Amino acid sequence: MKFKAAITILGLFFLAALSGPLFGIDPGPIDVQHIFAAPSAQNWLGSDDAGRDVLIQLVIGALPSLVMGLSAAAVAILIGGTVGILAGYSRGWLDLVLLRIMDYFIVVPALPFAMVITAIWGPGLGHMIVVIGILLWSTTARVVRAQVKSGRERLYVQRARALGASHLHILTRHILPQVLPLIGTTGSLAVALAILTQAALEFFGLAGTGVLSWGTMIRFAFQRDAMLNDAWWMVVPPGLCICLVITACYWLAQSLEQRFNPRLHTTDLRIRSFALRAPATEKP
Amino acid sequence: MTSRSRYLLGKIGIAIFGIFATLTLNFFLFRVLPGDAISSMARVPGGSVELKEALMRQFGLDKPLWGQYLDYLVQLAQGNLGVSYSSLRPVTDEVLRALGNTVPMTLLGILIAILVGVTSGIIAAWKHDTAIDNAISNIATVVYSAPTQWIAIMLVLAFASYLPVSGASDPFAFANDFWSILADRVKHMILPSLTLALATFGQYTLVTRSAVLATLGEDYVSAAKAQGYPVSRILAYQALPNALVPIVTLIALSAGTVIGGSVVVETAFSWPGIGRAMYDAIVQRDYPMLQGALLVVTIVVILVNLLADLVNMKFDPRIVE
């Protein structure tokens, strides 16, 4: 039920996002006749401070928001997955060092760090993707590490090792299949967090110039006195879209987890607890 | 050494490591900046290469990187965070004053969030798999999904005619007795704190729900039910105390998110706190201020997590093993 709802919402938003570049939709020139015009039959969601249609901007803004979220999450999962597998599989001092680094990145306030790094590095979508990615990897790493740690002690993995299987073989054939279902869950959570962080950075004006996304729409509404002009139609729709996409991501994560790994409660947003209730290792 | 003091020392060690990592990261992060302050300072009439070299020596920038790093650590140990480019006042003073504004607003917000979150989480757990549980969980998820700045704007749209939406006090207020000033401050605090509470309570609801749900399956809860204790007693004396450790851990871990949230909230409501200071520092390229604020914010978050570890040791002495 939640799974279907989430897939439907995300699918619709992706279709809408793709229709922007596909049909060459354009917000058009500045139209002084329609500054802060209320929603009407022609402009379903009214127009902004330059008299441009809000609905068209909403459709155009979907693509950067979604692509950004997915790319940043991909960076986070790539780093987190690699570090998590390395830590969980290696044990010993390397595991300990990586664990401390993970703990540090879990605790550290991500948004202020992202603000500072983006401000120093220079605003821009590409920079934001990398910065958000390197700040959000630790949760994935933690979950993957716990899974790999218990996975490598499983009986069939130990048998494979006893039969002389190489580390590479064990990793790709036995460990990775255990980890991949988790990636779906933590990946959806990472996408949600990435979109929220991106919107916040854009609110601070760190997206660079000329980017039209849901986050910058909220910034423009805030900056250009939409509230003083009672132009709620400028700010309600982009926020609702972000809200819907992220809810869909959470629901997707929850239903994926119920399907693949009901014992591991990562999607209730608890971060450390899976260490307390990691699945017990199988007794030989 | 007892397991208790070993646990304590370990946690303190981790916190010290974290603070040290933050200091180092903070130093090198701002060293990769393109351009340097000296070049622009030496750009005065009659400025020469000699002037530039003298300035470099004066600021200690002729030293190798590790020498600058040592200087930085020594200055930090003396509480010196440098001078703000925009206000030309010591960063330490500015940051501490901003922190003084942030703390009450954030604490009020987080208090509301914890109250609402934990209460609704307990109700959802007790009524699990009913319509009430579904409603609570879904509302928590949806509200938690909303961007903080958007919640702030929504509240402004709804309450702008009843409550102040900008700043921490009324600059035109006449009354200067303690109680009117306090009332004015509290009135200004309501919307920012409420925004922060709305933006964060969802995760507390969900974690409390699953933590309490886990304890409700335990034998001692069944035993209490069989003995005929009322629901409220079972929840308060059996289920909740055993669910406290994950809840406290999550609340501490959310400190980073909360600080991030208050940066957004302070920017939206022009609240003169540390988040607003960071935003202004970014806009004005005031790097010493930005560096100082980031450092203080991160250290506060690390200390909150250390505090949670200590509190958890009190709640569950078994944790030290």
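I110(B) is found in helix α5 (residues 91–126) of chain B, in a predicted model where local features need pLDDT of at least 70, side-chain atom pairs count only at pLDDT 80 or more, and totals for chains, interfaces and linings use all residues. Residues are numbered from 1 along each chain as its sequence is written, while chains are lettered from A and ligands numbered from 1 in the order in which they are written. Helices are DSSP runs of H or I with at least four residues, strands are runs of E with at least two, and both are numbered from the N terminus.

**Two buried residues of chain B**

- I110(B) is buried, because 23 other C-beta atoms lie within 10 Å; the term requires 20 or more other C-beta atoms within 10 Å, whereas 12 or fewer means exposed and values in between mean partly exposed, with C-beta atoms placed from the backbone.
- Residues up to four places away in sequence aside, I110(B) touches L196(B), T200(B) and V258(B), a contact being two C-beta atoms, placed from the backbone, within 7 Å.
- A separation of 35 Å lies between the C-alpha atoms of I110(B) and V74(B), which are 36 residues apart along the chain.
- H188(B), in helix α8 of chain B, counts as buried because it has 22 C-beta neighbours inside 10 Å.
- Beyond neighbours within four places in sequence, H188(B) is in contact with P164(B), G167(B), A168(B) and S169(B).

**Chain B overall**

- Chain B has 13 helices and 0 strands, and its C-alpha trace spans about 90 × 60 × 35 Å along the principal axes.
- Of the 321 residues in chain B, 38% are buried.
- Among contacts in chain B between residues at least 6 apart in sequence, 73% join residues at least 24 apart.

**Contact between the chains**

- Chain B contributes 44 residues to the contact and chain A contributes 39 residues.
- On the side of chain B that touches chain A, the elements giving two or more residues include α1 (3–31), α8 (178–216) and α13 (287–315) of chain B.
- That side of chain B has 31 nonpolar, 13 polar and no charged residues, where Ala, Val, Leu, Ile, Met, Phe, Trp, Tyr, Cys and Pro count as nonpolar, Asp, Glu, Lys and Arg as charged, and the others, Gly among them, as polar.

**Helix packing in chain A**

- Helix α2 (residues 54–90) and helix α8 (residues 167–203) of chain A pack at an angle of about 140°, with their axes 7 Å apart; axes are lines fitted to C-alpha atoms, for helices over the stretch in contact, and angles run from 0 to 180 degrees between N-to-C directions.
- α2(A) and α8(A) are therefore oblique to each other, since angles under 35 degrees count as roughly parallel, over 145 as roughly antiparallel, 65 to 115 as roughly perpendicular and the rest as oblique.
- The contact of α2(A) with α8(A) has 16 nonpolar, 6 polar and no charged residues.
- α8(A) and helix α10 (residues 236–260) of chain A pack at about 165°, with axes 8 Å apart, which makes α8(A) roughly antiparallel to α10(A).
- The contact of α8(A) with α10(A) has 16 nonpolar, 3 polar and 1 charged residues.

**Confidence in chain A**

- Chain A averages a pLDDT of 81, and 91% of the residues score at least 70; pLDDT is the predictor's confidence in each residue, from 0 to 100.
- Over residues 266–284 of chain A, pLDDT stays under 50.
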